[in-house]
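This briefing covers the pockets of a protein and the surroundings of its ligand. Look over the sequence and the structure before reading the points below.

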Amino acid sequence: MHRLFPTIACLLVSATSLSVAQTNPNRMTWFRDARFGMFIHWGLYAIPAGEWKGKQIPGIGEWIMNRAKIPVAEYEQLAKQFNPVDFDAERWVRTAEAAGQKYMVITAKHHDGFAMFHSKVSKYNVYDATPFHRDPIAELAAACKRHHMPLGFYYSQTQDWHEPDGNGNTWDFDPSKANFDKYLHEKAIPQVRELLTNYGPVALIWFDTPRIITDAQSKELADLVHTLQPKCLVDGRIGNDKGDYRSTGDNEIPVKVLDYDWETPVTTNDTWGFKKNDNNWKSSQTLIRQLVDVASKNGNYLLNVGPTAKGDIPEPAVERLQQVGAWLKVRGAAVYGAKPSPYPYEFNWGSVTSKGNRLYLNVVEWPANGSFEIYGLSNRVRKASVLGDKNSSLTFQQSKTGGHDTLRIDVPSAAPNSDVSVVALDLDATPKVNTGLVQQPDGTITLNCALGKLPAETKVKVSNRGITSGWLDTGETVEWDFESYRPGNYEVLARTAPVRSAGGWDTSQWEQGNELQVSIGDKKVEHALQNDGTISDPRNPLTPDIKSRLGAISLEPGAHHLKVEALKIGSDRKLGVRLREIELVPAGQ
Ligand code: H79
């Protein structure tokens, strides 16, 4: 018996030499189960609410100081007006709870440098510098504690437009004179220490825009967080890969299942901080679709609200949150603690989540003909039912035709839910599916670059959303293997992604003579990339793609290999080809 002890001692000793993330493997558990959180952007920027000296300032509301180049001395005056008489922490937490959100993250300090908590490090804080003279972070922490709601803090560790040594304010200060390490050690680190010392257990610290922070500085910050509160998570934007999980870009939803922990921050309209004229609210259907889609790819959905200067969450946001909450109350099993889809790719009709022997088909585009089909599931289905409808039992057929599995479910002609309906499949075992790229029941074949093969030596990179960048040479290629099941003529479409430029969208990609060739075996089509119309992506509604018709190809059923290659790269050679997908669509569809 005693021989065990040296072994255990040995394990303990070696454990201390492991990195923090490894010594605390359970830190991620709550986060993985949660899937859905509330982000709150609240600060002095809620007062101008997008307007400065009678002018509408374009862009996101919390950036107004930067976009309007407001001098520190002038912006500071806003503090004297900050008196959010409606602020009620309890109400915010209840709103999040009713929305089905499982954690909250609030801006403790954004890029403007103003601390929304009572800080001893800088008088530029909500307690000392405003007539409000309260600590909203303390009040929110107390309310969250009452509701067992994990609370995290956003802290802008690199940008601080209030400080000469912080990063980002080029209109008041000379960046060449900035001593970033001094700012980090005299403001950022001491304030993060306050946040982790004075407000009870902190679920996570949400750092942002790492910019110039060095590897050593990111590590110092992450170590500080984990030393003060070992259970506190650090988001991916701490920089230099020092986070506990990864963060996507703002409003960015990756195109495929990712095998690591990740989170995406998403706006309810087009701004984070309140803007009085931003009424571009996402529909409840879009929000639910995005939430379920993110869960289906193994991620967390951090949905933002921007309260007003009086302390109210805008009513259109509250309404939508209530709708999401009502949906989750019935169908939360498809989201909370759900595991990702066994299929690596997206479906046009919605998304798939899983739990044990269960698959959830989260259907946004409900079939009009009373029949829902999915390919590639090799389990035996024991039962199919509409989630949330206790008496539901749907009839179904499973068949193997032409060597591939088809499941056809007879469904009611009206969608059970007007936003997203969930069909639960009880299987004989954990899901086993064909993970290859295959033609879908609607006849389309979608080949996303994130699921394609690039040559070993290439300058091309593929983003989370599956968009190529750095494609500036004609030799570059992307290739896919796929299976088709129906003979016929297919239209070959290229889906390319625009980028924002100062004046709107950069259109050079379709005007510079970029030319693509697509070959399947010895069949080839080639055509210039041109703007044949936009295709909106319901998962990423802010960034529509452009489609280009490249020609048509006839296909026999079977296994195929497709290669796309640039025959010409236009004169610009800055953007190159930003290809997202090649799509084969049955001609005439
Ligand atoms: O807190 C929110 C944003 O303020 C923050 N991240 C989310 C969660 C963020 N910081 N930087 N960015 C996002 C990138 C900012 C890009 C832009 Fe702009 C700001 C585009 C328009 C305003 C900077 C100024 C680039 C163009 C003009």
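**Pockets and ligand shell**

The largest pocket has a volume of about 1000 Å³. Its lining is made up of 36 residues, and those closest to the centre are Ile-60, Arg-500, Trp-505, Leu-542 and Thr-543. The model is predicted.

**Largest pocket**

- β24 gives the most, with three residues.
- The lining of the largest pocket holds 13 nonpolar, 13 polar and ten charged residues.
- The largest pocket lies between domain 1 (29-333) and domain 3 (445-586), because both give residues to its lining.

**Second largest pocket**

- The second largest pocket has a volume of about 660 Å³.
- Of its 35 lining residues, Glu-346, Phe-347, Asn-348, Trp-349 and Asp-442 lie nearest the centre.
- At least two lining residues come from each of β13 (371-375), β18 (437-438), β19 (445-448) and β31 (579-586), and the largest share, four residues, is from β19.
- By class, this lining has 16 nonpolar, eight polar and eleven charged residues.
- Domain 2 (350-435) and domain 3 (445-586) each supply at least three residues of the lining of the second largest pocket.

**Ligand**

- Around the ligand there are 14 residues, of which His-41, Glu-62, His-110, Asp-208 and Asp-250 come nearest.
- This shell consists of five nonpolar, four polar and five charged residues.
- Oxygen atoms of the ligand lie 2.5 Å from a polar side-chain atom of Glu-62 and 3.5 Å from a polar side-chain atom of Tyr-154.
- An N or O atom in the side chain of Asp-208 is 2.7 Å from a nitrogen atom of the ligand.

Terms used:
Residues are numbered from 1 along each chain as its sequence is written. This is a predicted model: local features need pLDDT of at least 70, side-chain atom pairs count only at pLDDT 80 or more; totals for chains, interfaces and linings use all residues. Side-chain values use heavy atoms; hydrogens and water are left out. A residue is near a molecule or strand if one of its heavy atoms lies within 4 Å of it. A polar contact is a pair of N or O atoms within 3.5 Å; within protein, one must be able to donate a hydrogen and the other to accept it, and residues adjacent in sequence count only if both atoms are side-chain atoms. Ala, Val, Leu, Ile, Met, Phe, Trp, Tyr, Cys and Pro count as nonpolar, Asp, Glu, Lys and Arg as charged, and the others, Gly among them, as polar. On a 1 Å grid over the protein atoms alone, a cavity is a set of points where a 1.4 Å probe fits but cannot get out, and a pocket is an open set with protein on both sides within 12 Å along at least five of seven lines; lining residues have an atom within 4 Å of a point. Grid points are joined across faces, edges and corners, and a volume is the space filled by probe spheres set on the points. Domain bounds come from an automatic or database domain assignment.
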